[in-house]
Structures are given as structure tokens and as C-alpha cells.
Amino acid sequence: MIGELDADAVVEYFRGKNILITGSTGFLGKVLVEKILRVQPDVEKLFLLVRAVDVESAKQRVQTEVTGREIFGILKDKHGDGFEAFIEEKICPLPGDIMYENFGLGNTQLTGLYRDTDIIINGAATTNFFERSVAFAIDKFLRQHIVNI
């Protein structure tokens with residue numbers, strides 16, 4: 001019973017919140033995005049920072065690598081023809097890269113993100129285990145930049 005109450009409290013905490021997620025195109029990132037949207041459809045917005053050169057490329061990458069995957073089947077069944085509209089309302093793809101200062105975002109985007117973000121979930125990683133030093137550098141660099149936001 002306590003576990004259920006804790007889960008309910010977490011779900012309720014996300015209601016109306018804007019969440020910045022890094023690493024959403026990775027395995028765990030997809031699971032996280034789907035889970036949030038499924039258990040708390042009243043989340044305000046998920047800002048998904050993805051490596052892309054512009055908004056259209058970021059949007060296409062999210063559609064191809066995140067919301068277009070089989071894991072979103074339950075949400076597709078639930079929303080039917082309204083699935084795409086639901087995703088459009090809830091997900092805001094952000095073209096950027098955690099390796100760049102301010103995630104490579106312009107001042108306007110960064111100011112809006114700073115103003116609108118309630119929660120930051122860092123799931124960014126490298127899966128090339130031969131790049132161990134790169135992975136540690138990414139983690140350190142990302143923590144420094146998140147603190148600045």
C-alpha cells in the first residue's frame with residue numbers, strides 16, 4: 001500500500017509540469033517518455049533535447065526514434081486518430097547537443113527553457129564503451145550546464 005501511495009504521489013507531482021529530458025532517443029529515454037505520457041497525460045510539456053541541426057530535423061528524429069516506436073502502441077491505441085495531436089501538444093523537440101555550452105541553444109530558446117522548465121531529467125549518454133573518457137567528460141560537462149540553467 002505504501003508503494004502505491006508513493007507511485008500515486010510521483011504521478012501527481014508530474015501534473016502540469018514542464019520537463020526537460022536529455023537522452024530521449026536512447027532505450028531508457030523512450031521508456032521514460034512513454035511512461036510519463038501514459039501515466040500522467042496531464043503533464044504540461046516534455047522538452048526533448050535531441051542532436052539535430054534545426055527544429056524540423058529534431059521533430060523528425062523524435063517521430064522516427066521515439067514516438068514512432070512500438071513502445072508507444074498503448075498510447076496510439078488509447079488516443080486513436082488523436083495520437084499525433086496529443087504528441088504535438090505534449091512534446092517539444094529541441095535541436096541541440098549536450099556537448100555545447102547552453103546545449104547549443106540560442107538565447108531566446110534558452111531563456112524560454114529556463115523560464116518554463118520545472119524538472120530536468122538527464123538521461124544522455126554514450127553507448128560506445130571504448131569512449132569511456134568521453135562519457136565521463138559528457139557527464140561532467142552536462143552537470144555544469146544544467147546547473148547554469
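Asn-102 is partly exposed, with a relative accessible area of 26% (buried means under 20%, exposed over 50% and partly exposed in between, using a 1.4 Å probe and protein chains only). This is a predicted model, in which local features need pLDDT of at least 70 and side-chain atom pairs count only at pLDDT 80 or more, while totals for chains, interfaces and linings use all residues. Residues are numbered from 1 along each chain as its sequence is written, and side-chain values use heavy atoms, with hydrogens and water left out.

Back to the loop. Asn-102 sits between strand S3 (91–95) and H6 (helices, H or I, of at least four residues and strands, E, of at least two are DSSP runs, numbered from the N terminus). Its phi is positive, about 55°, even though Asn-102 is not a glycine. Most residues other than glycine have a negative phi. Phe-103 belongs to the loop between S3 and H6 and has a positive phi as well, near 60°. At 1% relative accessibility, though, Phe-103 counts as buried.

Next comes helix H6 (residues 107–116), whose buried residues are Leu-110, Gly-112 and Leu-113. They span an arc of only 165° around the axis, so they end up on the same side of H6 (the arc is that of the directions from the helix axis to the C-beta atoms). On the face turned away from that buried side, H6 carries the exposed residues Asn-107, Thr-108, Tyr-114 and Arg-115.

As for the strands, S1 (residues 18–22) is mostly covered, with 5 of its 5 residues buried. Asn-18, Leu-20 and Thr-22 point one way from S1, and Ile-19 and Ile-21 point the other way. S1 runs parallel to S2 (residues 45–50), joined by 5 bridges (two strands pair if DSSP finds at least two bridges between them), and Ile-19 stands opposite Leu-46 in S2. S1 also runs parallel to S4 (residues 119–122), here with 4 bridges; Ile-21 has Ile-121 as its bridge partner in S4.

Together, S1, H2 and S2 make a right-handed β-α-β unit (right-handed if, with the strands pointing away from the viewer, the path from the first strand over the helix to the second runs clockwise). Leu-28 lies in H2 (residues 27–39) and, at 65% relative accessibility, counts as exposed.
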